[in-house]
Each structure stands twice: as C-alpha cells, then as structure tokens.
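User: I'd like to learn how to read a model like this one. Could you take me through it feature by feature?

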Amino acid sequence: MNDLQVRIQSEPFDAAEETRALRRKADGTWDAGVGAVATFIGTVRDMNEGDGVRTLVLEHYPGMTEKSIAEIIGEAHARWPLMNLRVIHRIGELKPADEIVWVGAASAHREAALSACAFVMDFLKSRAPFWKKEKTPQGDRWVASRDKDEEALKRW
Amino acid sequence: MIQLRLFASLRETTGVEFEEFPLPAGIATLGQLREHLRARGPVWAEALDPKRAIRGAVNQRMSRDHDVISDGDEVAFFPPVTGG
C-alpha cells in the first residue's frame, strides 16, 4: 500500500498521470503483477434542476475528510485484493466540466479494481464530509443530498 | 471544553462556524448536545429540529444521537454530505 492514499486539494489533478502512478510500487518501480487498473472521475455538470450552474464551491471538514476517505479505502482493502487504491478530491471553486474527484484502483484481476472503485464512490457520496454550493445567476443554493446515494450503500 | 464546528447551510443559518465551551452538566450524548443547542433560541431550534436531516460527528467520526461525548471532544453538526 502506498502513502498518500487520499489527497484533498484545490488544484486540478492530471487523471492520466495519476492512473499511470497506480501501477508504481512504493519504491517507484512498476508492479508487474498489476493486471487491472480501474478509475472513476466525477465532473461538474452544467445543469442541475434546470438553472445553469455557473460555479460550484466545495466545502469540507478538514481532518475528517481525509480520515473518512482513508477509512473507506481501508475497508476496500479488507474486502478485495488490491495493489493500490487512491482518491483525489478537489475543494474550493469549480466550474462546469472541471474534474472534482478521481478514484483509482490497481489489482491483479479486474473484479477487485472495478468493485473497489464503485464501492469507494458509493461510500464517499454518503460519508465523506464535503458540501457543494451552487452559485448561479438566480442566486446561491446548497446542493441537496440524494436518497439514491444512501440507497446505493445497501448493495455492499 | 467541547469544540463545536458547524458546516454548510447549518453554519450559515446559525452564524456559527466554531465555538469552544465547557461541556454542560448532564449532557453525555450527541443527541443531548443537539437538544441543548436547540434551547438557545428559535433559529437554533429550527436548524437542529429532529425532523431535519442533520448529521453529527464526534472527534471527526460520523456519529449517532446515542454516541457518548466527553470533555475535550470535537463535535460537529452538518447537513447530509454532497461530495464526489
């Protein structure tokens, strides 16, 4: 397991570079045992409930954000044989089409990497302390949580 | 002392981001603290009303009403999360 499993940052990330990095071991060499790499990227949509989204502001709970995501990652490692599992989540002001979150998993075979990505996203959506606020021409409003997100946890 | 943190719309409604105060006598759980804060006035009573979906954390771990709080703890209340 590598260091820096969780990064919370305001700067954009380079998804391609992060994906390549999943294959590297702690000493920087390529892990030849990696047969499967799965990733997920969450992006800012242009429309939400009809109004044009202009800016999205991501607030978070420093300390708890990292802890909760590290816990989710730990749970995934306990469930599946993973060589690597990493999450990057942005905070601050984002615009439509910006990338908000990146989850990457590496394993020997595909089932672990694919399942771990989905698992991490499902739990992050309901447990990681971030809050989105939309700034639109019509005014500011906090994005509401979706019942579907809590429901998604049940399949695990 | 208890360190209280509020986030998102809850912070905006109450006007409080962070507060430190002694753990009130008789308050031993997260739920009891929530009720204690509601007694501050109508804004707090409404914002932390049981019918509102409000989440709590003790020492940065997601917690429930029955979870114990002790002197020195960091307690946070916030709306359901919307990350990802």
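User: How many salt bridges does the structure hold over all chains?

Analyst: Let's begin with the general idea: side chains of opposite charge can pair when their charged atoms come close. The criterion here is a side-chain nitrogen of Lys or Arg within 4 Å of a carboxyl oxygen of Asp or Glu. Over all chains, the structure holds 18 salt bridges. Glu18(A) and Arg7(A) form one of them, with their closest N and O atoms 3.0 Å apart. Glu18(A) is in helix H1 (residues 15–21) of chain A and Arg7(A) in strand E1 (residues 6–9) of chain A, so the pair ties together parts that are 11 residues apart in sequence.

User: What ground rules apply to these values?

Analyst: This is a predicted model, in which local features need pLDDT of at least 70 and side-chain atom pairs count only at pLDDT 80 or more, while totals for chains, interfaces and linings use all residues; side-chain values use heavy atoms, without hydrogens and water. Residues are numbered from 1 along each chain as its sequence is written, and chains are lettered from A and ligands numbered from 1 in the order in which they are written.

User: What does chain B average in pLDDT?

Analyst: pLDDT is the predictor's confidence in each residue, from 0 to 100. Where pLDDT is low, the predicted coordinates should not be read in detail. Chain B averages 97, and 100% of its residues score at least 70. The model scores ipTM 0.94 and pTM 0.92.

User: How many residues of chain B are in contact with chain A?

Analyst: Contact means heavy atoms within 4.5 Å. By that test, 19 residues of chain B touch 26 residues of chain A. Together the two chains bury about 1,900 Å², 55% of it on carbon and sulfur atoms; buried area is the accessible area (1.4 Å probe) that two parts lose on being put together, summed over both. In chain B, Gln60(B), Thr82(B) and Gly84(B) lose the most area to chain A, together 37% of what that side buries.

User: Which side chains meet in a salt bridge between the chains?

Analyst: The count between chain B and chain A is 3 salt bridges. One of these joins Glu59(A) and Arg11(B), at 2.4 Å from N to O. H1(B) gives the largest share of the side of chain B that touches chain A, 4 residues. Helices (H or I, at least four residues) and strands (E, at least two) are DSSP runs, numbered from the N terminus.

User: How many helices and strands are there in chain A?

Analyst: Chain A has 4 helices and 10 strands.
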